[in-house]
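This note concerns the aromatic side chains of the model shown below. Please read the points alongside the coordinates.

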Amino acid sequence: MDCDLHLERYHFHEYKEFDIDLITIDPAVRALCEQNACGQYNRNHMCPPAIKGIEEWKEEISSYTYAVLVSKVYPTQGGYDFKAWFEGIRDFQETLAALK
């Protein structure tokens, strides 16, 4: 994969391509989730129980050979610029969907 092409096309702020073997699925992290350590358990669509189980993640991740970590920067008019936040979220989700 040529990350530079994607960086230019999707206007990523930063990116890092890396070998999939560097990703560790740690059951201790899921245990923290189940203990509601951050207060988001069952309150966030990116947190348990709304996401896959550990074994499902391991299977999916192992189907790839490399990963790319990306970031984008979105301007806001201050700390509570909810409109800009949601526009940024929508844009980032659309960008990630386009990469698949």
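1. Phe 82 and Trp 85 both belong to helix 4, which spans residues 82–99, and they are three residues apart, about one turn of the helix. Helices here are DSSP runs of H or I with at least four residues, numbered from the N terminus.

2. The model is predicted: local features need pLDDT of at least 70, side-chain atom pairs count only at pLDDT 80 or more, and totals for chains, interfaces and linings use all residues. Residues are numbered from 1 along each chain as its sequence is written, and side-chain values use heavy atoms, with hydrogens and water left out.

3. The structure contains four aromatic pairs. Rings of Phe, Tyr and Trp (its six-membered ring) pair if their centres lie within 6.5 Å; planes under 30 degrees apart count as stacked, over 60 as edge-to-face and the rest as tilted. For Tyr 10 and Phe 12, the centres are 6.0 Å apart and the planes lie at 40°, so this pair is tilted.

4. Tyr 10 is buried at a relative accessible area of 11%, and Phe 12 is buried at 8%. Buried means under 20% relative accessible area, exposed over 50%, and partly exposed in between (1.4 Å probe, protein chains only).

5. The pair of Phe 82 and Trp 85 is edge-to-face, with 4.7 Å centre to centre and 80° between the planes. Phe 82 is partly exposed at 42%, as is Trp 85 at 36%. Together with Tyr 80, Phe 82 and Trp 85 form one aromatic cluster.

Note on methods: Helix = DSSP H or I, 4+ residues; strand = E, 2+ residues; numbered from the N terminus.
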